[in-house]
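Here are my notes from a first pass through the model. Have a look at it yourself before reading on.

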Amino acid sequence: MNSRVLGAAALAVAVLLLYGNACRAPQSAAAAPAASPAPVAVELPEAITAACPARATNDEPAPRPSEPTWRVRNPHLTWQRDPATTVSFTWTTDAANTQSYQPRAIVAPASAACGTGERLFAVGRTTAGQGEVLVTRVGGDRIPVPAWTVEVTGLQPETDYVARVGSWTEVAGKRPRLANISELLHFRTGAPKGSRAPFQVVLAGDSRGGSPEIRRQAERLAAIPAVAWFFNGDMTPRGSQDEWNDWFTAMAPILRRRPLMPVQGNHELQSELYYSQFALPVEPGLAAQLTEHAWSLDLGNVHFVGLDSNTGEGIARQVPWLRGNLAKAQADPQIDYTICMMHHAPWSASAHGSHEGIQATWGPLFDQYGVDLVFSGHDHNYERTIALQGGKAAPPGQGVVYVVAGGFFAPGYPNGHEWFTATSTHGDQHNYVVLNVTDQALTLAAYSGDGGRVLDQFTLPRPPR
Ligand SMILES: [Fe+2]
Ligand SMILES: [Fe+2]
């Protein structure tokens, strides 16, 4: 939440088709009749069944009737730093009485929580956060939007946690007013950097609102055992706070359980509201005005990079930082794969087509520094390219694969085919991608929005170390 702050308030604060390492050409199962989808386990780490310890006895309501009611809206999780040991919570409240708001998060290992989670306050550790009241214009009105972030550090890797966020005054033996705290949130910390343990993430983009279809699918999607989601933009139609509230509400089953790392789409027109509501990594060496516009994090053996593709000037200004960031990842023996995400597709055969500015500006960096996969949206369909290098088909064992998956329930677009197309699917089926990471390969499966069809499956063997 780096954006323009116009007022400030409270503070306390594999399917490994091992080709050996010689060939990087993606192995596709797209042409075959849709095999049964890769099994997606439905196993949430949130069954809080541990017996309540005797010390968890603070379940009497705190007697503070004069305390205002601050409903927690849109609580969700991101990472600003190490996914293995930190997490950041962000939420909004109504504008009234925020001068005394004390944003806090309480976190406990899921194994230590008990009962319904209300006793979480007896067993968890509380962290204070910070916030800002952003004043935005909607039509002629100035609308205050208080947004709050708490970053919790010192967590254990690969551990299931539960949490609540809100505002309360610490009173020994008393819990906060339930009206002022969130429902129970769940998350799992990532594997430590360099770990080569398998994990899964979801890649998606382009919802353009909290549609009824998202609401129908969200519980099922939240059960995909992914450690995180990566979202390539166009969450809302125009980015007003009402639209954000709608999107966050529709996505809540996912956002209560999975950190979601976004990039800004062209539909997030009121970008200050986007940047105020997502707490993202602050990158050394990136121009201050671009803070949170570009970010990176290491999850296990994967280096993920988020980029802002919305303006030509911004694309150019990210180059020095991006060059250094990708070079560092390439030289890092703990990193096996690099994945970049942005809203506009460098290569697309469909409605919007390829973004030649990105091809010319970032494309050489993707080639030079061994980026494995570039993930975009903007075109509301699904496409995957052959491995490309220097704007041409790459020699065997080299190149970057570009995936367009802009079908997270926004209206679908027709799809196209070009010389660089490996596979292409009409957007009327919607889509999302499940990425499995192992020591040996990246394996991607693109699904129809309802999960009933496999649109594409392919494997990228790990490049030689
Ligand atoms: Fe879009
Ligand atoms: Fe777009």
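The points below go from the overall fold to the core, a helix, a strand and a loop residue.

1. Ground rules: this is a predicted model, where local features need pLDDT of at least 70, side-chain atom pairs count only at pLDDT 80 or more, and totals for chains, interfaces and linings use all residues. Residues are numbered from 1 along each chain as its sequence is written, while chains are lettered from A and ligands numbered from 1 in the order in which they are written.

2. The protein chain has eight helices and 24 strands (DSSP runs numbered from the N terminus: H or I of at least four residues for helices, E of at least two for strands). Of its 465 residues, 53% are buried. Buried here stands for 20 or more other C-beta atoms within 10 Å of a residue's own, exposed for 12 or fewer, and partly exposed for anything in between, with C-beta atoms placed from the backbone.

3. The largest nonpolar core has 118 residues, and Val202, Trp229, Ala405 and Val433 touch the most other members. (A nonpolar core is a set of buried Ala, Val, Leu, Ile, Met, Phe, Trp, Tyr and Cys residues joined through C-beta atoms within 7 Å.) Helix 3 (residues 241-255) is the top contributor, giving seven residues to this core.

4. Now for helix 3 itself. With 15 residues, a straight helix would span 21 Å at 1.5 Å a residue, yet helix 3 covers only 17 Å between its end C-alpha atoms (the expected span is 1.5 Å times one less than the number of residues). There is a kink of about 40° at Thr249, shortly before Pro253; the bend is the angle between axes fitted to the seven residues ending there and the seven starting there. Buried residues of helix 3 include Trp244, Trp247 and Phe248.

5. Strand 15 (residues 337-341) is worth a look: five of its five residues are buried, so it is largely enclosed by the rest of the structure. Tyr337, Ile339 and Met341 cover one side, Thr338 and Cys340 the other. Strand 14 (residues 302-306) pairs with strand 15 in the parallel sense over five bridges (pairing needs at least two DSSP bridges), with Phe304 opposite Ile339. Strand 16 (residues 373-376) also runs parallel to strand 15, joined by three bridges.

6. Lastly, Arg238 sits in the loop between strand 11 (228-231) and helix 3. Arg238 is partly exposed, with 13 other C-beta atoms within 10 Å. Neighbours within four places in sequence aside, Arg238 contacts Glu243, His267 and Leu269 (contact: C-beta atoms, placed from the backbone, within 7 Å).

Conventions
Two residues are in contact if their C-beta atoms, placed from the backbone, lie within 7 Å.
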